[in-house]
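Morning, everyone. Please look at the model on the screen, and I will talk you through one part of it.

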Amino acid sequence: MGDWVLYFNFTATTSALMVALMGLLLSATASYIEQWERTYFRATFMMLFIYAASDLVAQVSLDFLGPEYTGLSQAGVFCELLFSAMIIPLIMAYLLHCTGEDRQTNTLFRCLMVFFALYVALLFAAQFTDAVYTISPDNNSLIPGPLYPALFVPPVALMIVSSIALARRMDALTPRKRIAFSVYVFVPFLSVFIQSLLFDLRIVVVGTNLSALAMFVYVLQDQMDAHVRHCEEAAQRRAQVIALQMRPHFIYNVLTSIYYLCAQNPKRAQQVTLDFTDYLRANFDAIAQQGEVPFAKELEHARAYLSVEQARLEQGLIVDIDCPHTAFRLPPLTLQPLAENAVKHGSDPELPPLHVRIATYAEPGCSVITVEDTGLGYGDPLPQYDGDNMPSTHHGPNASPSNHASALDNIRERLSACGGTLQFGPRRGGGTIAIVRIPTEWHSSLAE
């Protein structure tokens, strides 16, 4: 055997050992993977680690050690052959788990276990006869016997059964898991074929470990996507609940204002009724909304709310809207709750009229929304809010921290799903400013 072959084999086996160790560490710390899958990958990478370690021991013992180490060579080759085949029943069990089938009653799984049992029996028999292979006591080398090719028949049969099982269940898997299983079945099969042609080169061990790591990465991405979808759906449901939890006293006050306006200013009463209807309609539309909405729709929702509040507070609220930049999208129920936050926690009948200003503009790489008010400003900030060491919001005398923080947390959570941010800070001249930034590439891709 040439020096380059020894170098290649040592490098390949060492690399496989490191890949298995990396997979073992990743599977032990992955937080997004379900418990069953985490256990499966731990077991898989543990077996792959033992497989690579046994291969390395056998390689070093056979290629570099003398006849006195024939026992070590025998043990290394046995463990290498055994653990290389144990991976296939594991992958089959995982496939059936992903499709919700019972492996104990599955015909293909039973067939696979029969082939595996035959392989183990043949491997144990090889330890007591020279017909399969033997370790020469003279020079500590592996000598294939006449039945040595038979040792590869059960593993190939295992791979064929696994391939058939996978082909029948492709439609039941997610796109990423289809790729993951295909890689995990095809790459070792190809590696076995290559190694059967080039017996001196150890291809199978590195191919098997790399395919397992690739499968783990695909499954991890699949689980992370599912986790993100779950968080987005949960945030959307919480936003819908918040939309339904309109403040009772707000509704009472609006209806009372309309009642008095009917006698004092009927046209104004009609307009307030229309604005209140638009506000309610926008709330219920947001509940049914799936995905993002144009900023113009959010602005109309906030405008309807502020118009109703202007009628209720009369001269106590002045609204200024300056939004020349509207060509972007954002999660529903983002702007109106910020406007409500400004009015609810910024107004005070004993202070001058509250000024609320909504503005938009474009920055390099993002669209920016600002909601400013001249209200009470900052007292003691609510803790654990913004990652930029800025106080999170108002803390006026009428604040209700738990519900208020929940609503703003929900906005921040839904914005984070699109790479957006929500920040609060003191407004120059007094009051508070809320700043929303939404990446340009995100809403541009939505527009396409």
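First, a term: a salt bridge is a side-chain nitrogen of Lys or Arg within 4 Å of a carboxyl oxygen of Asp or Glu. This is a predicted model, where local features need pLDDT of at least 70, side-chain atom pairs count only at pLDDT 80 or more, and totals for chains, interfaces and linings use all residues. Residues are numbered from 1 along each chain as its sequence is written, and side-chain values use heavy atoms, without hydrogens and water.

The structure holds 7 salt bridges. Which residues form a network? Asp320, Asp322, Arg357, Glu372 and Arg427 are linked that way.

Start with Glu372. Its salt bridge with Arg357 has the closest N and O atoms 3.7 Å apart. Glu372 sits in strand β7 (residues 366-373) and Arg357 in strand β6, so this pair ties together parts 15 residues apart in sequence. Strands here are DSSP runs of E, at least two residues, numbered from the N terminus.

Glu372 also meets Arg427, at 3.3 Å, N to O. Arg427 lies in the loop between β8 (421-426) and β9 (432-439), so here the linked parts are 55 residues apart in sequence.

Now back to Arg357. Its side chain meets that of Asp322 in a salt bridge of 3.0 Å, N to O. Asp322 is in strand β4 (residues 317-322) and Arg357 in β6 (residues 354-363), so parts 35 residues apart in sequence are tied together.

Buried or exposed? Buried means under 20% relative accessible area, exposed over 50%, partly exposed in between (1.4 Å probe, protein chains only). Glu372 counts as buried, at 17%. Arg357 is partly exposed, at 28%. Asp322 is partly exposed too, at 35%.

Conventions: Helix = DSSP H or I, 4+ residues; strand = E, 2+ residues; numbered from the N terminus.
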